[in-house]
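Colleague: Please take a close look at one part of this model, the surroundings of the ligand. I would like the pocket, the contacts and the neighbouring residues in one connected account.

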Amino acid sequence: MHLSTMGWDNFFEEQKQALKKVNGRIARVTGLQKNHVRIHDGEEEVVVKARGRIVRGHGKNTLFPVPGDYVIEKGGVVTRVFARKNQLVRGAAGRRGKLDAAPKAKQVIASNIDTVFIVCGLDRDYNLRRIERYLTLIYNSNMTPVVILNKADLHEDSEPFKAEVEEIALGVPVHLISSIDGDGVEALEPYVTEGKTICLMGSSGAGKSSLVNAIVGEEIRIVGEVSDFDGKGMHTTTTRDMIFLESGGMIIDNPGIREISLSDEEGGVDDTFPDITELAAGCRFNDCTHQHEPECNVMAAVESGELAADRLINYLKMRLELTFVSSRESKTADRIEKERWRDVAKFQKDAKTRT
Ligand SMILES: Nc1nc2c(ncn2[C@@H]2O[C@H](COP(=O)(O)OP(=O)(O)O)[C@@H](O)[C@H]2O)c(=O)[nH]1
Ligand SMILES: [Mg+2]
Ligand SMILES: [Zn+2]
C-alpha cells in the first residue's frame with residue numbers, strides 16, 4: 001500500500017509542498033482513543049501519541065486528529081494534522097434538564113470522506129425520521145450520502161421500503177441489501193474504488209460490521225459488538241476504525257457516533273426537505289413557521305395530502321432543535337425544553353384533528 005492509494009492527492013500534496021520540510025513521516029489516522037492515535041503510513045500501522053489534547057495543524061489552526069486525517073508523526077507523537085477536505089461534524093448538543101445547559105462544542109467525528117453510508121436495518125431500526133436526521137448531518141458536513149437498507153432478507157418483498165425512503169431522501173441513492181446472504185452488496189462496489197473513503201453511520205445493531213464483513217468477504221469485524229465509548233464519543237480502547245479493502249477503498253466503521261444531534265450552519269435541514277422549502281415559497285409570510293399562520297402553503301399541502309404530516313412534524317422538530325442548540329440565553333434548559341416541545345405537540349394535535 002502507498003499513501004496515494006490511501007486517498008492522498010493533490011489537495012494534501014500541495015500542503016506538503018508548502019512545508020519547508022517534512023519532519024517525520026506522513027500517515028493516515030485509522031483509529032483513536034483520547035491521547036492515542038492509530039496511524040498507517042502505507043507500510044505499517046502503529047499506535048502513537050497525540051501530544052496533549054491539541055496538535056499543531058495547518059496554519060494557525062489547532063486540530064485534534066480524527067479517523068481519516070493525514071498527519072505527520074515523529075518519534076511516536078503526532079505533530080501535525082493536514083487541513084481537511086471535509087469533516088463529519090456532530091452538532092452541539094445541549095445537556096438537557098441541567099441548568100448549565102450551554103451547548104457542548106461541536107465534535108468532529110471523521111474527515112476526508114467521499115461517501116457516507118447511512119446503514120439502516122429493516123427491522124426495529126427502520127425509521128424514516130432518523131434517516132432524515134442523518135441526511136441533515138451529512139449535508140451540513142458537505143458530504144455525499146447513500147442510504148443502505150440492510151436485512152432485506154427479513155421481508156418477502158422489501159421494495160416498498162426502498163420506495164418509501166426514496167420519497168423522503170430526494171435524489172439520494174438507496175440500496176437494498178442483506179449482509180447475511182450478500183444480496184445486493186455488489187452494487188456498493190462503485191463507491192469503494194481505489195483511494196475512496198466511506199464512512200458508516202447508523203444505530204448499533206443496524207448491521208454495519210456485518211456489512212464490512214460482506215464487502216471484504218471475511219469476518220474481520222466482530223458482529224454484535226457494542227462499542228465502548230467514553231462521554232466524548234471516543235473509544236476507551238484504541239480500536240481500528242478504518243478498514244483497507246482489496247479494491248484500494250477504505251471504510252470507517254464506528255467513528256464515534258452514538259446519537260445524533262444537529263447544528264445547521266450550512267442549511268442541511270433545507271437540503272433534506274427541499275419539498276417543504278419549495279412549498280414554503282408559496283406561504284403568505286416570508287417568515288412563516290408553518291404552524292398557525294394564515295395562507296400557509298405548507299399546512300395546505302398537509303391538508304390536501306400532498307405532504308405527509310409526519311414529514312412536516314419532523315421538519316419542525318429539527319428546526320426547533322436547532323433553535324435550542326443556538327439558544328444561549330439565560331433561560332434554563334427546562335424552560336427551553338418546554339417551549340421546544342409545546343409547538344410540536346400543538347401541531348401534532350392540530351394535524352390529528354384536521355385529518
Ligand atoms: N437478518 C439479518 N440480520 C443481520 C443482517 N446484517 C446484520 N444482521 C444482524 O444484526 C445484528 C447486528 O449486526 P452488527 O453487524 O453487529 O451491527 P452494528 O452494530 O451496526 O455493527 C447481528 O445479530 C447480525 O447478525 C442481515 O442482512 N440480515
Ligand atoms: Mg459494529
Ligand atoms: Zn407556511
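Modeller: A pocket here is an open set of points on a 1 Å grid over the protein atoms alone, where a 1.4 Å probe fits and protein lies on both sides within 12 Å along at least five of seven lines; its lining residues have an atom within 4 Å of a point. The model is predicted, so local features need pLDDT of at least 70 and side-chain atom pairs pLDDT 80 or more, while totals for chains, interfaces and linings use all residues. Residues are numbered from 1 along each chain, chains are lettered from A and ligands numbered from 1 in the order written, and side-chain values use heavy atoms, without hydrogens and water.

Ligand 1 takes up the space of the second largest pocket (more than half of its atoms lie within 2 Å of the grid points). That pocket holds about 490 Å³, counted as the space filled by probe spheres set on the points. Its lining has 29 residues, and Ser203, Ser204, Gly205, Ala206 and Lys208 are those nearest the centre. By class, 11 of the lining residues are nonpolar, 13 polar and five charged; Asp, Glu, Lys and Arg count as charged, and Gly is among the polar ones. Strand β13 (197-201) and helix α4 each give the lining at least two residues, with the largest share, three residues, coming from α4. Helices are DSSP runs of H or I with at least four residues, and strands are runs of E with at least two.

Now the ligand itself. There are 17 residues around ligand 1, and Asp153, Gly205, Lys208, Ser210 and Gly224 come nearest; to be included, a residue needs a heavy atom within 4 Å. This shell divides into four nonpolar, 10 polar and three charged residues. Helix α4 (residues 208-216) again supplies the largest share, three residues.

Backbone atoms make polar contacts (N or O pairs within 3.5 Å) with the oxygen atoms of ligand 1. A polar backbone atom of Gly224 is 2.6 Å from one such oxygen. For Gly207 the distance from a backbone N or O atom is 2.9 Å, and for Ala206 it is 3.4 Å. On its own, ligand 1 has 580 Å² of accessible area, of which the protein covers 81% (Shrake-Rupley method, 1.4 Å probe).

How values were computed:
A polar contact is a pair of N or O atoms within 3.5 Å; within protein, one must be able to donate a hydrogen and the other to accept it, and residues adjacent in sequence count only if both atoms are side-chain atoms.
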